[in-house]
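Take a moment to turn the model around on your screen before reading on. The report below walks through it one topic at a time.

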Amino acid sequence: MNDIKLLDCTLRDGGYINDWKFGHDNLVSIFERLVDANLDIIEVGFLDERRPFDIDCSIMPDTDSVAAIYGQLDRKQAMVVGMIDYGTCAVEHIRPCEESFLDGIRVIFKKHLREPAFAFCRELKDMGYKVFAQLVSVTSYSDDEVMDVIRLANEIMPYAVSMVDTYGLMHQNNLLHYFHLLDLHLDKEIGLGYHAHNNFQMGYANCIAMLNNRIERTMIVDGSIYGMGKSAGNAPLELVAMYMNNSLGKQYHVSQILEAIDANISQFYRPATWGYNMFYYIAASNDCHPEYVAYLMNKRTLSIKSVNEILRKLLDEKKLLYDEDHIEKLYVEYQKNEVNDAKDRERLGQALTDQEILLVGPGTTVKTQREKIDEYLRAHKPTVISINYVPEGIEPDYIFLSNAKRYVQLATRLSQGKYVLIATSNVTGTSDKAFDYVLNFSTLMDPEAKIVDNSLVMLLKALNSLGCKSITLAGFDGYSRETSNYYNVEMEYDFTKNMAEYLNAYTCRFLEGIRGTMEVTFLTDSRYSKDR
């Protein structure tokens, strides 16, 4: 039996949900997570000459645009492919493979266009690409038409021929009928693929049915992260990867795919527009009540890896009987992650104690009162520390990270190495040297508060303990039920609106409590300021 490969099509097929406008950071982050997940093949988007280049989009007019978005990234083991809907991107827009970031091109075509489409496939193959012939709506093909496709394929010898269940109509009987017909007559050097759609919720089951066959050719199954795709979506990549690990000896890192769901994909799932629910997947995989998953996810501070690690600590008798006090206790204990931070505190104190410090938060005033901030930066040249994000147009000297979820979202940008990172011990880095300073979470949290890990309060506690006497704040606006609390609406959390009054009162009490040892000045308007 030849190899079995898993292909991700999120950045292409998932684009039907958001008009392919994932945002550049998401495009990069998703690609890198798929590489780290050890995926065999990654489809990075459509090639379509009718669309102008947009660095935020995964539908691109030519191969140069692919290089502009992804060209600096490390593909490691992954084969990188794009897709052309036959007739939408001429060869004039495609560089030879040796000059391209793409290793292969998948060509989709309807059955009445199969002859010219295969001729186009030949041109692409002559340019050095691995070519995939994608049979759109394969259920519309008669056996005679399939045999004609086989004739064309055996003449041209593409890398693979794929069955595309465009409308999600297949059950295992007709899938296997086409599968065996193609397997019997295609040249053995041609791979055989399957692209599911989940209209009958059969995508995952059909992938298993195909993978259970042992054949003497390469098999390729498609999936997308969280099943992202038009209508009912596609076969969920994380489920197919899990099955292939458990049953076929593969070593895909499913946790990386789950992180991509949480950090990159879930924002496009509101309101729910395709597929199933990750909460239930995580709950089922941990044999626990789904309310535990919801509780931890609603904290908005945890990576998926951390959620799973906490759930594995549930007492057996508690797993299916939801106990909020029990899960909160596990959450707090997990976050503590005790470290000896004495040396880091000493070094950080030496670096910051005598500095004029500006803390930058993500409130809307970072934009609406930007002139005031820029004037302050020019006049005072302070040491700038941002909290859990990189502000647009302001280069922070330090970034304080107390939120593991925010760190996951920023990891790609932070890995460039130009930022000095101060992290609390609950945030797990990508390596032992991911952070320049690590501070004990347990000494900065407030176990009596409803939100034990308020990031502004934690950083001010840390700076106060280091002997910093004067701090200026910008972009810490406080919370409102009625208006956006963040300059970037994608950072908004529902629970902050619901707890606005409590969070404002809590922070004001804290600021009042440190007045004797630290002077805090508000540069921008804030509900925390007495002068507001």
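Lys188 and Asp183 meet through their side chains in a salt bridge, with N and O 3.8 Å apart. This is a predicted model, so every distance here is computed from it.

Another salt bridge joins Lys318 to Asp323, and here the closest N and O atoms are 2.6 Å apart. Lys318 counts as partly exposed, because its relative accessibility is 24% and the buried class ends under 20%. In total, the structure holds 30 salt bridges.

## A buried bridge and its network

Now look for Asp222, which forms a salt bridge with Arg106; their closest N and O atoms are 2.9 Å apart. Asp222 belongs to strand S9 and Arg106 to strand S5, so this pair ties together parts that are 116 residues apart in sequence. Are these two residues buried or exposed? Asp222 is buried, at 1% relative accessibility, and Arg106 is buried as well, at 0%.

The pair also belongs to a wider group. A network of salt bridges links Arg12, Asp13, Glu43, Arg106 and Asp222.

## Patches on the surface

Which residues form a negative surface patch? They are Glu49, Glu92, Glu123 and Asp126. One of them, Glu123, is placed in helix H5, which covers residues 114-126. Glu123 is partly exposed, with 39% relative accessibility.

A nonpolar patch can be found on the surface too. Tyr167, Leu169 and Phe200 make up this patch of about 330 Å². Tyr167 sits in the loop between strand S7 (160-164) and helix H7 (172-185). Tyr167 counts as exposed because its relative accessible area is 53%, and the exposed class begins over 50%.

## Side chains that reach the backbone

Asn213 is in the loop between helix H8 (203-211) and strand S9 (219-223). The side chain of Asn213 reaches the backbone oxygen of Ala209 at 2.8 Å. With 16% relative accessibility, Asn213 is buried.

Thr88 gives you a second example to look up. You will find Thr88 in the loop between strand S4 (79-85) and strand S5 (104-109). A polar atom of the Thr88 side chain lies 2.7 Å from the backbone oxygen of Asp85. Thr88 is buried, with a relative accessible area of 9%.

## Backbone angles to notice

Most residues other than glycine have a negative phi. Asp19 has a positive phi near 55°, although Asp19 is a residue other than glycine. Asp19 lies in the loop between helix H2 (15-18) and helix H3 (24-36), and it is partly exposed at 43% relative accessibility.

Where is Met157? Met157 is in the loop between helix H6 (143-156) and S7. Phi of Met157 is positive, about 60°, and Met157 is not a glycine. Its relative accessible area of 25% makes Met157 partly exposed.

## Distances across the model

Ile59 is in strand S3, which spans residues 59-60. Ile59 is buried, with a relative accessible area of 4%. Ile59 and Asp144 are 85 residues apart along the chain, and their C-alpha atoms are separated by 34 Å.

How many residues lie between the positions of Pro382 and Thr63, counted as their distance apart in sequence? They are 319 residues apart in sequence and 44 Å apart in space, C-alpha to C-alpha. Pro382 is located in the loop between helix H17 (370-380) and strand S11 (383-387). At 10% relative accessibility, Pro382 counts as buried.

Methods:
Residues are numbered from 1 along each chain as its sequence is written. This is a predicted model: local features need pLDDT of at least 70, side-chain atom pairs count only at pLDDT 80 or more; totals for chains, interfaces and linings use all residues. Side-chain values use heavy atoms; hydrogens and water are left out. Patches are made of residues with over 30% relative accessible area and no salt bridge: like charges are joined within 9 Å, nonpolar side chains (Val, Leu, Ile, Met, Phe, Trp, Tyr) within 5 Å. Accessible areas come from the Shrake-Rupley method with a 1.4 Å probe; for residues, only the protein chains shown count as cover. A salt bridge is a side-chain nitrogen of Lys or Arg within 4 Å of a carboxyl oxygen of Asp or Glu. Lys and Arg count as positive and Asp and Glu as negative; His and the chain ends are not counted. The place of a charge is taken as NZ of Lys, CZ of Arg, CG of Asp or CD of Glu. Helices (H or I, at least four residues) and strands (E, at least two) are DSSP runs, numbered from the N terminus. Buried means under 20% relative accessible area, exposed over 50%, partly exposed in between (1.4 Å probe, protein chains only). A polar contact is a pair of N or O atoms within 3.5 Å; within protein, one must be able to donate a hydrogen and the other to accept it, and residues adjacent in sequence count only if both atoms are side-chain atoms.
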